[in-house]
Structure formats: structure tokens, C-alpha cells
Amino acid sequence: MQKNTPDNERRKFLKSSVATITAGVIGGSVINSFVSCNDKGETQGEKVKVLTPDGKLVEINSTHLQHEHNAPPVSNTEARKGIPGKKFVMVIDLAKCDGCGECTKACQKMHFTPPDREWIKVFTMQDNEKSAPYYFPKPCFHCDNPPCTKVCPVDATFKRQDGIVLIDNERCIGCRFCMVACPYSTRFFNWDRPEESAAEKMVPYSPEQSFPRKVGTVEKCDFCPHVMREGKLPACVTGCPMGAIYMGDENENAVTNSVGVTVQLSKLLEDNAAYRYLEELGTKPRVYYLPPKNRKYPKPDMNNDKEGEKKNHNHESMNM
Amino acid sequence: MEKKNEHTTVTNNNNVESIENDFLKPIGKYSPLNRFWIGFLLIIVVWGAAIYIRQIYFGLGTTAMRNYVSWGLYISTFVFFIGISHSGTLVSAILRITNKEWRRPITRSAELLTWVSLLFGGIMPIIDMGRPDRIPNLVIFGRLQSPLLWDIICIGTYFVGSSLFLYLPMIPDIALCRDRLSGNATRLRKWIYRKLSLGWQDTPGNWKRLEKGMHVMTIIIIPIAVSVHTVVGYIFAMTLRPGWNSTVFGPYFVAGALYSGSAAVVLIMAAFRRMYHLEKYITKKQFNYMGQIVLALTLIYAYFNLNEYAVPAYKMASSEGFLLHDLFSGSYSSVFWILQLGTVLVPAIILAFPKGRTPVMASIVCIIIVIGAWVKRYIIVIPTLLHPYLPIQKVPIEWSQYFPNWVEWSITFGALAGIFLVITLFAKIFPIVSIWEVKEGREIEEKYEQVDNAIKNEKENVQVATS
């Protein structure tokens, strides 16, 4: 099963729907062991503050949450509607970001992303020669006027009531129009057949969790709706050791970061002169940035980063 | 007087015979060179098809495209092929409406070029699709908001329209093939002629209906053709990308399409003139006039280039500026300037002189234009994708650059060979020149001659009488 013989692959390709159905019936136990073994190291025994589906912030033992993982994913219709009553919003405090890249790692772990794909990516930016460089983590902005969903010919990528933009990789035709339409280079394409373990492939697909991947379809940051349904924070938020990323509900006017600090959204945005990246494009992103002022860490070195880039290339080529 | 008339009708009949013979002669006959050419094209087509199957199997990762340059040679070629397909409409419809007599020997090949390049142009986006197995989704879940749907609708309509536009004037000729070539034709060809001639019997009723149908098609096809390339431009212009986010893209693409399409008409004219020995019919006149049309369209295209590049370059807004710097003086500058000077300015200068519009010179210039138009599509698509708003950082080196790899070249040249193959085979099954239209033209010419002669005679008579 783990060996991807061409024959095997081809059968998967042709009968993916059949495979999904059987997985739903016989694959339950596999999912259990698979998911729990992935979660153990991270959260077991810890008390975590989470956002419940009805919008309350509660502190619970994370072991209790594991059961929720095993719940079958929501139906396609529900995944297209979104979580009722919510309006998700993210705030990234650039003054706190030290560019460690833990958000990216946490995200890649949760979504089983190959190392070449960074759904949330930390850029090193410098607006002009005089101003200091800063780190700029960039997830999908889940725009309220999304250029990507407009151009999709088959409604495979869509905007939900709760503000999230998702992709249904069982409908995507792979034209990549959304990729060229996105001004933020947020979308990734499955150019090759995904290398996934048998267990990963057994998980029933839902647009809310974006895997198992399918060759010839587009993927991107999904704001982790499958964990937010359980009242948890997205992987990048919990993964950030600096507490730089806040996630919350605009309707509730509250956002929370990894340190467990919950703040009033409107006040946070007002007090820190929050801005949205490339506001002039009119895409209305759902991700706000707080300017990188009064930083507590050394500013990024643009030259150093270039070397890092080279390293990264070697690293990538080794992986491939 | 009566005797003279009889005489002219006899020569007329001879003329008609020889016209028919000239055009029917190459049909169904394959010289060794023909066979070699067809075999050569077949190999490229089969190779391309095999590589495409391989691409479906392993995914688009077998191409050089990656997440930044996610549209590459396939989409550039799509735009190019659709552009070439403008030729048929231009020459055929516009010259038909304006009743230009010199159009007669070139309409069929121009219409054929439209039809074939549209066929393969339409295939290119399918080749570019990650999931061609999900094409039915376009019908099941199709959304009219997407420019891609506009393209499917417009190109689909244009394809049906241009098929009719090609087919209608072919009916009398197919009937002629049915009647004249029944002796040595294969059974398949006889069957094709019988079916496709739709029982054409040369009756006045037949002709009346044909003329009516053609008149309607001639007028309808022009706005459809304009719409097609406009929405191809919209695919790019409806995004926020620097370099594509432009209001002139619709007409700019139409102008570019007419420029490359008309040049391609000159090439197909030249090719059949030489291969089928049609020097008697496709004369210097056609090249001279077509050369002038190409010249006019090149100048219009140059004007749109000025708008497309000079206007943003004056302002140098930051995002647009990075792209323009790269085009004007950066890594794409040599290609950019060769295109602007070598394939727009120089052809315009050459075509401005009568000596530049001889069959040989016009063909050379038009080859340059057609290749230039292809590379230009590439330069419209790729540099923009390499200049996103956010810098390209921390990615594998092959993501931050693009040049098509052997898979893309194989498939693209397979499609190009497919275009040549369909044209070649078409011309071996059907007359490549509209026989009845050329005959009609000859008749009109003769009538003019008769009138001229009559006037001359009258004048002479009057002179004789007065003297």
C-alpha cells in the first residue's frame, strides 16, 4: 500500500471516489491511531485556551479534544457554507515577529504539506532603503473581495459566510486561473502526484482540511476551519512562540494568540495603527498587520537572508 | 455580333475547364515529397500526443512550470493560435463585404487557417489543465463570472461559426469533386463528397440559399471574431497583476491577433502558390494588397504597444516599474527590443515599399511577424508572473525562473505539426481554392472585358462614321 507503484497510483487516480467511500467505512481505526500519534507530542496533558464553536473562550485539557479529531469531516455543503455566526479575522503583530518560522513548521505539520509549500510564509521585507527591514509572515488573506474566487470557472474555490476562502480539490479542474489572479502568490499547485502515506490517503476528504491532496489541483492556507470548528486556534497561531499571530471572530470583537492573551480586536487595531497589505488593490483582506515598531529582537539582515535563501535552495534540491 | 458572342462562350468554357482542372489536379495525389511531409508531421504529432499522455499520467510537474510561473508555453501558444485564427475572418469576411475581387483565390485557405488554428488553439488550455478528466465540471458547475467561461463561450461560438463559414462556400466545390473525381477517388473520399455536398445540384434555388447563408455568416462572424480575442485578453486583464492590469488589453489583443493572423494568411498563400503551382491565380497582386493590409495592421499594433508600454513607463508606479525595468533593460530586454524593433518596426518599413511586397519579400517579412507574435505572447505571459507583488524568496531556484522544457516543446510542436497536418490533408481532399468563386470572378472579368470591348467598338464605329 505504501509503495506507490504506477499501477497502484493509476487505480487511485481513476477510482479516487471509490477509495474515499471505502475509507469512510473501513478506515476509521487507522485514522484514530494516525491522528493521535501526530498530536501526542504537542498538546497532551496541557491546559489550553480555545475558542468554542459558540464563541466562548474556555480552558480545557487538550487530551479531551482528541476525540473531536475523529469526528467525520463536515459535508461538502456545510464546508461551503462555513461556521454559522462567525467572521474570522487574523491579526499579525510584526513588532513581535522575529522570523523564526515556527508558524510555517506548525502549519506544514498540521496539513502534511511537502517542505516546498509554505501556506504561511515568512518574508523578509524592506519598504525602502531608509526604513528597517522586518519579517512579514503571510498566510492567505481570505479577502472579502477575493480575486481568486471570482475567476474560478467551476466554483471550486469559494468564499464562505464566516469569511474563509476554501478550495474543493474534488472539483478543481487545475486551470490555475486563481493562482495567477491572486496578487499575494498564496496558492500552490500539486504539480506531481502527492507523496502521501496510506494512512493520510485514508482520511475522508473535506475542503475544510485540504487533504488528502490530489494531483493537478490547487491548495492554500485554509485558516484551519477543521480545528476552529472544535474551538481550537489554527496551527500557525498556536505554533508562534512570540504570540505574534492573533486569531478570532470579528463579530465577537476578540482575538487570541498562542500565549493565551485575548484582546479586543477593535482596540488592538486602533491602538497599533493596523493596516492591511496592499489595501489599494481593494481585495479587503481579513488579515491585519500591526506595524513593526519598537521591536524587541534584532532586525533581519537582508544580506544574511540571501545566504539563507541559498541554503534553502540546497535544502530543497536535496529533498527532491 | 452573334458570332463573336459564341466565340467568347467557347473560350469561357475552356477557361472554366482549365480552372477546374488546375484546382482538382492535386487532390488525392500524393507525391513522394507529400508522403514524406505527411509522415514527418505524423511523427511529431504522435510524439506530442505520447508526451501528453505521459504528462497526464505523471502530472504537470513534468513541465518546467512551477508555482510562480504557473502559466507558461501552453497558455502563450493558446493566445498565439487564437490570434492566428483571426486571419480567416479578416480576409474572407471583410473582403467579401467590401466585394474585393482579388480575394477570390485566397478566401478558402484563409478560412481553413482560421478553423484549424482555432481547433488547436482550443486544445491548448486543455493540455494546460491539471485535471482534464474534470472537463465536465465546466458544464456542471460552470460560472459565468469567470473569464474562462467567456472564453469557452466565445471560442466555441467562433468555432461553430468559422466551421460554417468554411463549409458553406465549399458545398458547390464538394459537389464538383463528387461529380468530377468519382472515377479514381477512394471509397472513403467518395463517401465524404457524397455526404458533405448535401445533394447540391447547381439549381438556382441552391445558389439562392447558399448566398443567403453566406451573407448572414459573413456579417455575424466579424463581431464574434472581435469578441474572441477581446475575452482572451480579458483572461489577463481581469487580474490585478502588474503588466496585465490594463484597460487596453482587449483591443490590444485584437490588434495583435489581426497583425499575426494577416501575416499568416500571406504565408499560407505563398505555401500553396508554390506547392500547388497556383502562380496563375495567386499573383503579385494578392501579395501586394495583403502586404498593404499587414502593413496597416502592424502600424495599429505598434500604436497599441505604445499605449501598453509607454503610458505606464511614464509614471513608473512601483509594482509596474519592476516589470518594465526588467523588460526595457533587464533580463528580458534583448527579447523585448528585438520584438519591438525587429518584428514590428522593421517589417513596417519593408512593407511600406512596393519592393517589400513582392511574393518573396512579403513571405519573409510575414514569417518574421508570425514568429515575433508568438514570442510576444510569451513575453506578455511570463515576465508578469515572475514579478509578483511580494518578492520571490526562499524558494527552490527553479521556481524563480522559467524556460519551457522538452515536455512543453514536444507537446506544443505536436500541436503546431497538427495544424500543418490538417491543412495538408485538407488540401488533398478538398480544393484549397474556392473553384466556383474563382470561376465567378473570371466571368465577371470577362463581362467587364466584353463591356470594354463593346464600348471600344462603339467608339471606333462612331469615329469611322464621323470620319
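Predicted model: local features only at pLDDT ≥ 70, side-chain atom pairs only at ≥ 80, totals over all residues.
Reader: What share of the contacts in chain A join residues at least 24 apart?

Author: If we take contacts between residues at least 6 apart in sequence, 62% of them in chain A link residues at least 24 apart.

Reader: Let us look at one helix. Is α6 of chain A mostly covered or mostly uncovered?

Author: An α-helix has 3.6 residues a turn, so residues three or four places apart point the same way. Now the case here: α6(A), residues 102–111, is mostly covered, with eight of its 10 residues buried. Among them are Cys103(A), Ala106(A), Cys107(A) and Met110(A), and the buried set also includes Glu102(A) and His111(A).

Reader: What covers the buried residues of α6(A)?

Author: The cover includes the chain A strands β4, β5 (134–138) and β10 (245–249), along with helix α11 (235–239).

Reader: Now the two chains together. How many residues of each are in contact?

Author: In general, the size of an interface is often given as the accessible area lost when the parts come together. Here we can count residues instead: 39 of chain A are in contact with 36 of chain B. On the chain A side, β4 (121–125), α7 (147–151), α8 (177–181), β8 (188–189) and α13 (302–319) each supply at least two residues.

Reader: Which of these gives the most?

Author: That is α13(A), with five residues. By class, the side of chain A that touches chain B has 21 nonpolar, eight polar and 10 charged residues.

Reader: And in chain B, how do helices α4 and α5 cross?

Author: The axes of α4(B), residues 86–97, and α5(B), residues 107–128, come within 6 Å and cross at roughly 150°. Angles over 145 degrees count as roughly antiparallel, so α4(B) is roughly antiparallel to α5(B). The crossing is left-handed.

Reader: Which residues make the contact?

Author: From α4(B) come Ser87(B), Gly88(B), Thr89(B), Val91(B) and Ser92(B). The α5(B) residues include Thr107(B), Ala110(B), Leu113(B) and Trp115(B). By class, this contact of α4(B) with α5(B) has four nonpolar, six polar and one charged residues.

Notes
Residues numbered from 1 in each chain as written. Chains lettered and ligands numbered in written order. Contact = placed C-beta atoms within 7 Å. Helix = DSSP H or I, 4+ residues; strand = E, 2+ residues; numbered from the N terminus. Nonpolar A, V, L, I, M, F, W, Y, C, P; charged D, E, K, R; others polar. Buried ≥ 20, exposed ≤ 12 C-beta atoms within 10 Å, placed from the backbone. Axes fitted to C-alpha atoms, helices over the stretch in contact; angles between N-to-C directions. Parallel < 35°, antiparallel > 145°, perpendicular 65-115°, else oblique. Left-handed = near helix turned anticlockwise from the far one by under 90°.
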